[in-house]
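Hi,

Here's the structure I promised to pass on.

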Amino acid sequence: MSTTHLVAVLALDHVYPFELGIPARIFDAADAGYDTRVCSATGGPVPTNAGFSITPEHGPELLDRADTVIVPPIDPYRLSPTLARDVRAALDRVRPGARIASICTGGFFLAAAGLLDGRRATTHWECAPLFRSWFPEVELQENVLFVHDGRIHTSAGAAAGIDLCLDLVRRDHGGRVANTAARRCVVAPFREGGQAQFIDRPVPEIQDASTSPTRDWALAHLDTQLTVADLARHARVSDRTLERRFVEETGLAPRRWLTIQRVQRARELLEETDLPVEQVAAAVGYATVASLRHHLTRHLGAAPAAYRRAFHPDAPASSPKESTDHVHVD
């Protein structure tokens with residue numbers, strides 16, 4: 001993106017202020033040519049669900065030229081299976097080819113506009129039954145953080161909007177820029193889109209038995225072929241106890257957590273270095289390129305060389321072996 005990328009955030013009646021502010025906070029922190037602005041469907045003030053109103057600086061005409069349009073959520077008790085006339089008119093102004101995203105219940109508006117028909121999407125898990133009953137033509141994935149389907153991007157509730165916006169920055173500019181934005185906002189730089197929306201166990205009390213030191217140790221040793229037994233040995237607990245504490249603290253089993261960390265590190269190396277794919281695989285603890293290819297394809301939809309071509313266009317040409325990789329375009 002060599003020119004200014006206009007992000008239009010459409011504030012609708014009874015919007016959640018926290019989620020309304022996420023796009024500007026993330027995209028502006030990226031310092032990568034984004035111009036984030038808020039508009040309303042009528043050009044007038046918008047009541048929030050927090051006891052105050054806001055007055056956006058722009059009306060729906062902003063959507064005519066936006067490169068990305070984001071619809072934040074409203075109070076779920078105010079939802080409807082149909083669109084108000086002014087909201088429909090506003091969404092109709094979005095230009096063909098523009099990227100469209102929603103946070104939480106914002107996906108209801110995209111669905112009501114027909115933008116999600118036949119597509120994969122997500123929303124807040126508590127609203128999933130209602131969403132399914134109103135929009136059966138949408139392939140709802142209710143337990144994930146966010147979903148990309150072509151030019152349409154949807155996310156789960158609240159903080160999942162942060163994950164989605166960071167991933168959009170990553171798609172536009174690569175991991176280094178997205179990680180910079182995350183550090184500035186003091187948030188986790190990467191949570192996989194397919195990660196569960198919530199942990200179905202109580203959040204544990206802070207205690208000396210936390211797995212945090214073991215997780216830090218594992219991140220420093222991703223270049224070795226770590227096993228769950230290795231993690232348990234470092235934490236000085238049994239494999240079963242480690243499994244239980246990992247799920248309580250991260251929402252993930254230790255093996256899956258390790259895989260996600262390896263994939264994240266691999267994508268950073270593919271985006272930011274010219275290391276051969278064989279060395280990237282070794283640097284993240286995989287014995288073969290085939291193992292790396294399997295996990296990247298499963299998590300990112302692209303094999304290593306194809307991912308590098310998409311996100312590191314200045315990298316040297318692939319070797320004949322690497323050139324057999326193919327991108328999956330979602």
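A polar contact here is a pair of N or O atoms within 3.5 Å; within protein, one of the two has to be able to donate a hydrogen and the other to accept it. Keep in mind that this is a predicted model.

The D149 side chain reaches the backbone nitrogen of R120 at 2.8 Å. D149 itself lies in strand β9, which covers residues 146-149. Is D149 buried or exposed? Its relative accessibility is 14%, and since buried means under 20%, D149 counts as buried.

Now over to strand β1, residues 5-11. This one is mostly covered, with seven of its seven residues buried. In a regular strand the side chains alternate between the two faces of the sheet. For β1, both faces are covered: one side has H5, V7, V9 and A11, the other has L6, A8 and L10, and all of these are buried.

Which strands does β1 pair with? One is β2 (residues 34-40), in the parallel sense, over seven bridges. Within that pairing, A11 stands opposite S40 of β2. To get from β1 to β2 the chain passes through helix α1 (residues 17-30), and this β-α-β crossover is right-handed.

The other is β5 (residues 68-71), which runs parallel to β1 and is joined to it by three bridges. There, V7 has T68 in β5 as its bridge partner. V7 is also one of the buried residues from the β1 faces above.

Cheers

How values were computed: Residues are numbered from 1 along each chain as its sequence is written. This is a predicted model: local features need pLDDT of at least 70, side-chain atom pairs count only at pLDDT 80 or more; totals for chains, interfaces and linings use all residues. Side-chain values use heavy atoms; hydrogens and water are left out. Buried means under 20% relative accessible area, exposed over 50%, partly exposed in between (1.4 Å probe, protein chains only). Helices (H or I, at least four residues) and strands (E, at least two) are DSSP runs, numbered from the N terminus. Two strands pair if DSSP finds at least two bridges between them. A crossover is right-handed if, with the strands pointing away from the viewer, the path from the first strand over the helix to the second runs clockwise.
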